[in-house]
Amino acid sequence: MKVAYQTDIGHQRKENQDRVAKFTAPDGTLLVVVADGIGGNRSGDVAAQITVDHLGRQFQAASPNSSLEAIRWFAREVQLINDEILKKSTENPKYQGMGTTLVAAIIFDQAMVVANIGDSRGYVLHDNLLTQVTIDHSLVNELVKHGDITEEEASNYPQNNIITRAIGVSADARIEVNRFDLGAGDQILLCSDGLSKMITREQMMGVLESDLSLTEKCSQLIKMANEAGGPDNITVLIGLAEDQEG
């Protein structure tokens, strides 16, 4: 899989608390990660960096070699990260209240395992259809699920920045983990909410289906989010599944 990624401070924040990375295991398996630090000025960037560093280190030391193993690996490692962040939060007042969202994927030859907690998202573009493959852990998503507001209302809802789960906020970091097939030509998109809250799925699809390079697609999506106001940090990672014969 070819991968490109980019992160941007946006137009209204003083610092970028998003983190993004790609790691390759000795057998060629890939791990891609986007973490969006939370807690305002309370070291959200530290929580995001701890998350990315821990996952990368553990993945390169002993990467999972099957989808089932990857599902267990994510659950175990994210809980360890959660414990570490909680410990730091209690030891140092500067870190009190820090946390992070996470969307990450382990990519095998013809499948990927996606994990998420919070409202950073993963999408798959397959056969001209862009599908969100993560579940938002947010107040507005709970309201939509219970029929209290519509999806259209959710995007403009006053409390649409409130998340209901994150790493580092409670003793139990409950992540969603799912497996999806990947075929040649499929694209994956991982992003922080600085992108997904500012542009529509149709706009995302338009960029992904364009003839731009992966790097140019990342830049274009960030440009569009900034043109829409750029109130938050914006992070985009795009992967293109290649033909195994090629």
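## Talking through a predicted model

Guide: Thr164 is a partly exposed residue, with a relative accessibility of 42%, and since this is a predicted model, that value is computed from predicted coordinates.

Visitor: Where is Thr164 placed in the chain?

Guide: Thr164 sits in the loop that runs between α4 (151-155) and β8 (176-181).

Visitor: And what does Thr164 touch, apart from residues up to four places away in sequence?

Guide: With those left out, Thr164 touches His137, Ser138, Leu139 and Glu142. For Ser138 there is also a polar pair to look at, as a polar atom of the Thr164 side chain lies 3.4 Å from the backbone nitrogen of Ser138.

Visitor: Over how many bridges do β4 and β5 pair?

Guide: Strand β4 (residues 99-107) and strand β5 (residues 111-117) pair over 6 bridges, in the antiparallel sense.

Visitor: Which residues of the largest nonpolar core touch the most other members?

Guide: Those are Leu31, Val33, Phe74, Leu102 and Ile106, in a core of 31 residues. The elements giving two or more residues to this core are β2, β3, α1, α2, β4 and β5. In soluble globular proteins, nonpolar side chains tend to be buried together.

Visitor: Staying with Val33, what is in contact with it beyond its neighbours within four places in sequence?

Guide: Val33 is in contact with Arg19, Val20, Ala21, Phe23, Val52, Leu55, Leu102, Val103 and Ala104 once those neighbours are set aside. There is also a second, separate core of 21 residues, which includes Tyr123, Cys218, Ile222 and Val236.

Visitor: How many salt bridges does a search of the whole structure find?

Guide: The search finds 12. One of these joins the side chains of Glu77 and Arg76, with an N to O distance of 3.4 Å. Glu77 is buried, because its relative accessible area is 3% and the cut-off for buried is under 20%, whereas Arg76 is partly exposed at 46% relative accessibility.

Visitor: How far apart are the closest N and O atoms of Lys87 and Glu91?

Guide: They are 3.0 Å apart, in a salt bridge between Lys87 and Glu91. These two residues both lie in helix α2 (residues 67-91), 4 residues apart, which is about one turn of the helix. Lys87 is exposed, and Glu91 is exposed as well.

Visitor: What about Lys197, which residues are linked with it in a network of salt bridges?

Guide: Asp119 and Asp193 are linked with Lys197 in that network. Between the side chains of Lys197 and Asp193 the N to O distance is 2.8 Å. Lys197 is partly exposed, with a relative accessible area of 31%, while Asp193 counts as buried at 9% relative accessibility.

Visitor: Is Asn233 buried or exposed?

Guide: Asn233 is buried, at 2% relative accessibility, and its place is in the loop between α7 (214-227) and β10 (234-240). The side chain of Asn233 reaches the backbone nitrogen of Gln17 at 2.8 Å, and a polar atom of that side chain lies 3.0 Å from the backbone oxygen of Ile9. Leaving out residues up to four places away in sequence, Asn233 touches several residues, among them Asp8, Arg13, Ser192 and Gly194.

Visitor: One last topic, what is the phi of Asp127?

Guide: Phi of Asp127 is near 50°, a positive value in a residue other than glycine. Most residues other than glycine have a negative phi. Asn128 also has a positive phi, of about 60°, although it is not a glycine. Asp127 lies in the loop between β6 (121-126) and β7 (129-132), and Asn128 is placed in the loop between β6 and β7. Asp127 is exposed at 62% relative accessibility, and Asn128 is exposed with a relative accessible area of 58%.

How values were computed
Residues numbered from 1 in each chain as written. Predicted model: local features only at pLDDT ≥ 70, side-chain atom pairs only at ≥ 80, totals over all residues. Heavy atoms only, no water. Buried < 20%, exposed > 50% of the residue type's maximum accessible area, 1.4 Å probe, protein only. Contact = heavy atoms within 4.5 Å. Polar contact = N/O pair within 3.5 Å; in protein donor to acceptor, adjacent residues only side chain to side chain. Pairing = 2+ DSSP bridges. Salt bridge = Lys/Arg side-chain N within 4 Å of Asp/Glu carboxyl O. Core = buried A, V, L, I, M, F, W, Y, C linked by side-chain atoms within 4.5 Å.
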